[in-house]
Amino acid sequence: MKIKSLLLILILALGMNVAGAAVTAAGFMKDAANMLTSSRSLTSGFKIESAGQQPISGSIAVKGDRFAITTPVSSTVYDGKTQWTVSTSDKEISIFEPTSDEVAQVNPFAIIRNYNRDFNLKLLSADNTAVKIQLTPKQSGSTIKSVIITFAAASKQPQKMSITLDDGTTLHVSISNLNMKADIPESRFKVSQKDYPGYDIIDLR
């Protein structure tokens, strides 16, 4: 009888643990977004994979609305209004003012920071290891059709994203080595054309 009682208690305890504290998409996303916005700055590595394309790996630094991305073939800097993309292979610098959709496609952390403004939420799964949430855009004209984010359950840090675009392309983004207390110099978010002699400037502003 005691053994049966102990087993029942154990089963109930495990069940409560797996279910968590009644995980909801809204509650979890709020906590995850607050964690990102409360961080003064962050850095992480990433890998982007898409069908028919070579995988792209790189690093990203984020401070508020600003970000800087570095890959083996290009670098992108956004100062909160203007974006510069430097292509070393083409020796070109493209300058334009991106939409929120365009920022989200380049900076996955912007999706989490602005989720409440831009997306509706649906909890897909939750256990002791991971929480998976689907985001669909509130605006019908968005170039992003769906985002599925997998978070670590305990830390609430994003681990993976699948971003489906309106042309059917899906970008699979893996996030690694996330540092929420990074010390990033202001110079990381600036591009000086004089540092790129011989580069063609394509100004689309």
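## Starting at Ser44

Ser44 sits in strand S1, which covers residues 42-49. This is a predicted model, and in it Ser44 comes out as buried because its relative accessible area is 6%, below the 20% cut-off for that label. Setting aside residues up to four places away in sequence, Ser44 touches Gly58, Ser59, Ile60, Phe109, Ile175, Ser176, Asn177 and Leu178.

Two of those contacts come up again further down. Ile60 stands opposite Ile69 in S3, and Asn177 lies in strand S11, residues 170-179.

## The overall picture

The protein has five helices and twelve strands. It runs to 205 residues, and buried ones make up 36% of them. Its accessible surface is about 11800 Å², with 54% of that belonging to carbon and sulfur atoms. As for how the chain folds back on itself, take the contacts between residues at least 6 apart in sequence: 47% of these join residues at least 24 apart.

As background, strands of a sheet pair through backbone hydrogen bonds, and the pairing can be parallel or antiparallel.

Strand S2 (residues 56-63) and S3 run antiparallel, joined by five bridges; here Ile60 faces Ile69 of S3. Next, strand S3 (residues 66-70) is linked to S4 by four bridges, again antiparallel. Phe67 has Tyr78 in S4 as its bridge partner, and a hairpin of three residues carries the chain from S3 to S4.

S4 then pairs with strand S5 (residues 83-87) in antiparallel fashion through five bridges, with Val77 standing opposite Trp84 in S5. These two strands form a hairpin as well, with four residues between them. Gly80, in that turn, has a positive phi of about 100°. How enclosed is strand S4 (residues 74-78) by the rest of the structure? Largely so, because four of its five residues are buried.

The largest nonpolar core holds 37 residues, and the ones touching the most other members are Ile111, Ile112, Leu135 and Ile163. Helix H2 (residues 25-38) gives the most to this core, namely six residues. Ile163 has contacts with Ala104, Ile111, Ile144, Ser146, Val147, Thr169, Thr170, Leu171 and Val173, leaving aside its neighbours within four places in sequence. A second core, separate and made of twelve residues, includes Ala68, Val77, Ile184 and Val191.

Helix H2 is also where Asp31 is found. Asp31 counts as partly exposed because its relative accessibility is 39%, which falls between the 20% and 50% cut-offs. Asp31 and Gln157 are 126 residues apart in sequence, while their C-alpha atoms are 9.9 Å apart in space.

## Ser142 in its loop

Another serine to look at is Ser142, in the loop between strand S8 (130-137) and strand S9 (144-152). Is Ser142 buried or exposed? At 7% relative accessibility, Ser142 counts as buried. Its side chain reaches the backbone nitrogen of Ile144 at 3.1 Å. Beyond neighbours within four places in sequence, Ser142 is in contact with Asp101, Pro137 and Asp166.

Most residues other than glycine have a negative phi. Which way does the phi of Lys91 go, positive or negative? Positive: the phi of Lys91 is near 55°, and this residue is not a glycine. Lys91 lies in the loop between S5 and strand S6 (92-96), and at a relative accessible area of 40% Lys91 is partly exposed.

Asn177 is another non-glycine residue with a positive phi, about 50°. Asn177 belongs to strand S11 and is exposed, with a relative accessible area of 68%.

Technical notes
Residues numbered from 1 in each chain as written. Predicted model: local features only at pLDDT ≥ 70, side-chain atom pairs only at ≥ 80, totals over all residues. Heavy atoms only, no water. Buried < 20%, exposed > 50% of the residue type's maximum accessible area, 1.4 Å probe, protein only. Pairing = 2+ DSSP bridges. Core = buried A, V, L, I, M, F, W, Y, C linked by side-chain atoms within 4.5 Å. Contact = heavy atoms within 4.5 Å. Areas by Shrake-Rupley, 256 points an atom, 1.4 Å probe, with all protein chains shown as cover. Polar contact = N/O pair within 3.5 Å; in protein donor to acceptor, adjacent residues only side chain to side chain.
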